[in-house]
Amino acid sequence: MKLTPEQMQAQLKLAGKGPTADVQISLDDIESFGDQASMREMLTDIGKYKKMLSQRITLINDALSATIPFTRENLYLFCAYTGSGKSTVAANITYPLWLQGKKTLVISNEESKQDILFRIACLHLGLSFNDYKKGMMPNEDMMKVVGLFPEISNYVKVLDVTYQDGITTKIEGIKKALEAVKKEDSYSCVLIDYFQLIKYSIKDSKKTAYENLNDLRVWLGQYIKGSSMPVVLFAQLYSVSKKGGAKDIDTRIKDCSAIVEPATVIIEIVPNYDNQTSEFIIHKDRFGKQGNKIVCAFEKGRYVMISEDEIQNRTKNSRLNAATAALDRLQGSNGAT
Amino acid sequence: MDKNKLIELAFIEWAANFKSGDKKTKNARNNFEELFQKWKDAEAVFDDVYESYLPKVIKTHQPLPSVARSVYKNLKSKLDKSEKEFIEEWNDSIEATATEVFFEFFPATPVDHDPEPKVYGSMSATEYKAQRRYADQFPTLNTDELVKRWRDQLEYNLDVEDTLQNVLGDKNETNS
């Protein structure tokens with residue numbers, strides 16, 4: 001079968017081999033830099049950037065909000081070793097936004113929708129979520145928690161792993177959900193907990209987990225550019241000890257480390273059980289605080305601001321307690337012999 | 001299909017795609033991750049792939065001697081090393097990346113398997129100590145001033161977009 005010239009052009013275009021458009025840059029074009037039109041363009045861009053910053057919303061507490069502008073067109077990657085606080089951070093991000101009447105979408109592949117609401121209600125009431133999980137929460141408290149569910153669910157929308165037979169573990173499901181909230185334009189934030197579990201594809205079941213994760217990170221990079229809200233993505237890390245304490249976060253992100261590329265901010269959560277604080281290590285940051293950490297006190301499930309003096313005091317006390325315990329052990333063993 | 005066949009096919013497919021793919025050393029980690037994930041999906045374990053495939057994978061990613069020599073010739077004036085040293089370093093870096101990524105996917109002992117009792121959340125005392133040592137490397141940021149500015153900004157949050165746009169006066173004015 002012979003193709004017409006138009007069909008041939010169309011095929012070549014599809015293959016990326018079509019004729020390239022004429023590119024012309026004249027000296028006049030170059031010299032026009034600095035004229036009123038180009039000045040206006042630059043000032044408009046400065047205005048847009050300033051506006052983006054001014055539309056920042058609360059990120060957990062004032063210390064984090066002040067340091068890392070939490071705003072649209074940005075992808076925030078929160079990483080942690082298993083059991084180090086990903087879901088707690090998700091609740092801490094959602095909680096202040098709910099208080100401010102801002103809508104949030106939580107896509108969870110790990111925690112159930114009721115646990116997500118339970119966590120937020122516990123933060124509000126100063127109750128321990130862990131007590132509930134261990135079956136130690138009194139019925140009276142449970143009733144108070146559940147009583148808040150209707151109010152919370154007005155603003156916190158959850159898609160968990162039970163939604164449409166696990167569609168949130170499939171790349172197409174995540175894309176559809178994110179596109180839906182983008183169109184609606186009334187959401188202030190989207191949280192995805194967590195990256196490595198989005199490893200399936202509906203369209204192509206033969207695609208590997210890596211291919212799906214890689215496709216998702218490329219798509220997210222495009223999505224955030226036109227997004228009117230920040231996207232928070234949680235990711236699992238390999239343990240530090242098995243990685244020889246490497247400072248570089250890339251090597252510790254499980255399964256598809258290339259997610260670091262589209263992320264505009266990367267924060268690692270490290271709990272400090274000695275002094276009841278958590279450290280937020282900033283690994284990547286377009287706002288200039290990379291390589292530092294912010295220490296927050298961990299109180300009743302919430303990450304709250306803490307002064308430097310208080311951190312020093314807590315650290316001193318924890319060292320003193322550890323030394324006392326060691327001395328007691330030593331004295332005990334001497335007494336036994 | 002038999003697991004060993006799947007492993008072999010994944011390697012053949014990867015090697016074929018690699019010929020036309022991104023061969024830069026910078027992209028080596030991604031390339032290896034792609035293959036090792038396919039093996040993982042085929043339920044391969046350490047012993048299925050370590051001795052029989054890892055050396056082949058490394059060799060596939062290492063530059064052909066003729067290519068390495070040609071690159072050296074092009075960069076010679078900027079380098080302070082012999083051709084032999086340059087090629088050896090190149091090959092070694094590919095091998096190091098492949099081995100590192102391989103052990104992430106197929107640890108000789110499972111990466112997160114920690115036989116010690118969990119004392120700190122889901123961490124053993126050893127893991128916790130390692131995390132503390134690691135986190136202590138990073139300086140703590142004093143956020144007092146930032147918080148003050150953030151709170152002030154909330155109070156006097158002016159929308160500057162219009163102000164900036166008006167700096168140059170009427171939009172319709174021209175340079176002339």
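Is Phe36(B) buried or exposed, and how many other C-beta atoms lie within 10 Å? I began with this residue, keeping in mind that I am reading a predicted model.

**Entry 1: Phe36(B)**

I located Phe36(B) in helix α2 of chain B, and I counted 27 other C-beta atoms within 10 Å, so I recorded Phe36(B) as buried, the cut-off being 20 or more. Setting aside its neighbours within four places in sequence, I found Phe36(B) in contact with Val101(B), Phe102(B) and Phe105(B). I also looked up the distance from Phe36(B) to Phe11(B), which lies 25 residues away along the chain, and noted 9.1 Å between the two C-alpha atoms.

**Entry 2: helices α1 and α3 of chain B**

I took down the two quantities by which a packed pair of helices is described, the angle between the axes and the distance between them. For helix α1 (residues 3–20) and helix α3 (residues 46–61) of chain B, the axes come within 11 Å and cross at roughly 10°. An angle under 35 degrees counts as roughly parallel, and α1(B) and α3(B) are therefore roughly parallel to each other.

**Entry 3: chain B as a whole**

I counted eight helices and two strands in chain B, and along the sequence I read the order of these elements as α-α-α-α-α-β-β-α-α-α. Of the 176 residues in chain B, 19% are buried. Taking the contacts in chain B with a separation of 6 or more, I noted that 67% of them join residues 24 or more positions apart.

I checked the confidence values before going further. The mean pLDDT of chain B is 82, with 83% of its residues at 70 or more. Among the elements of this chain, α1(B) has the highest mean pLDDT, 91, whereas helix α8 (residues 161–165) has the lowest, 59. For the model I wrote down an ipTM of 0.77 and a pTM of 0.70.

**Entry 4: where chain B meets chain A**

Which helix of chain B gives the most residues to the side that touches chain A? I first noted that 43 residues of chain B are in contact with 48 residues of chain A. On the chain B side, α2 (28–41), α6 (125–135), α7 (144–155) and α8 each supply at least two residues, and α6(B) gives the most, with eight. By class, the residues on this side of chain B divide into 15 nonpolar, 13 polar and 15 charged. I kept in view that α8(B), one of these contributors, is the element of chain B with the lowest mean pLDDT.

**Entry 5: chain A and the cores**

Among the contacts in chain A between residues at least 6 apart in sequence, 64% join residues at least 24 apart.

The largest nonpolar core has 82 residues, and those with the most contacts inside it are Leu77(A), Phe78(A), Val190(A), Ile192(A) and Val232(A). I followed Leu77(A) and, not counting residues up to four places away in sequence, found that it touches Leu233(A), Ala235(A), Ile259(A), Ala263(A), Val265(A) and Ile266(A). Apart from this core lies another, of 17 residues, among them Phe32(B), Leu35(B), Val57(B) and Ile94(B).

**Entry 6: backbone details in chain A**

I found a cis peptide bond from Asp193(A) to Tyr194(A), with omega near 5°; Tyr194(A) sits in the loop between β4 (187–193) and α11 (209–225) of chain A.

I also looked up two positive phi values. Asp255(A), although not a glycine, has a phi of about 70°; its place is in the loop between β5 (231–237) and β6 (265–272) of chain A, and with 24 other C-beta atoms within 10 Å it is buried. Lys300(A), likewise not a glycine, has a phi of about 50° and lies in the loop between β8 (293–299) and β9 (302–304) of chain A. I recorded Lys300(A) as exposed, with 12 other C-beta atoms within 10 Å.

Note on methods. Residues numbered from 1 in each chain as written. Chains lettered and ligands numbered in written order. Predicted model: local features only at pLDDT ≥ 70, side-chain atom pairs only at ≥ 80, totals over all residues. Axes fitted to C-alpha atoms, helices over the stretch in contact; angles between N-to-C directions. Helix = DSSP H or I, 4+ residues; strand = E, 2+ residues; numbered from the N terminus. Parallel < 35°, antiparallel > 145°, perpendicular 65-115°, else oblique. pLDDT = per-residue confidence, 0-100. Contact = placed C-beta atoms within 7 Å. Core = buried A, V, L, I, M, F, W, Y, C linked by C-beta atoms within 7 Å. Nonpolar A, V, L, I, M, F, W, Y, C, P; charged D, E, K, R; others polar.
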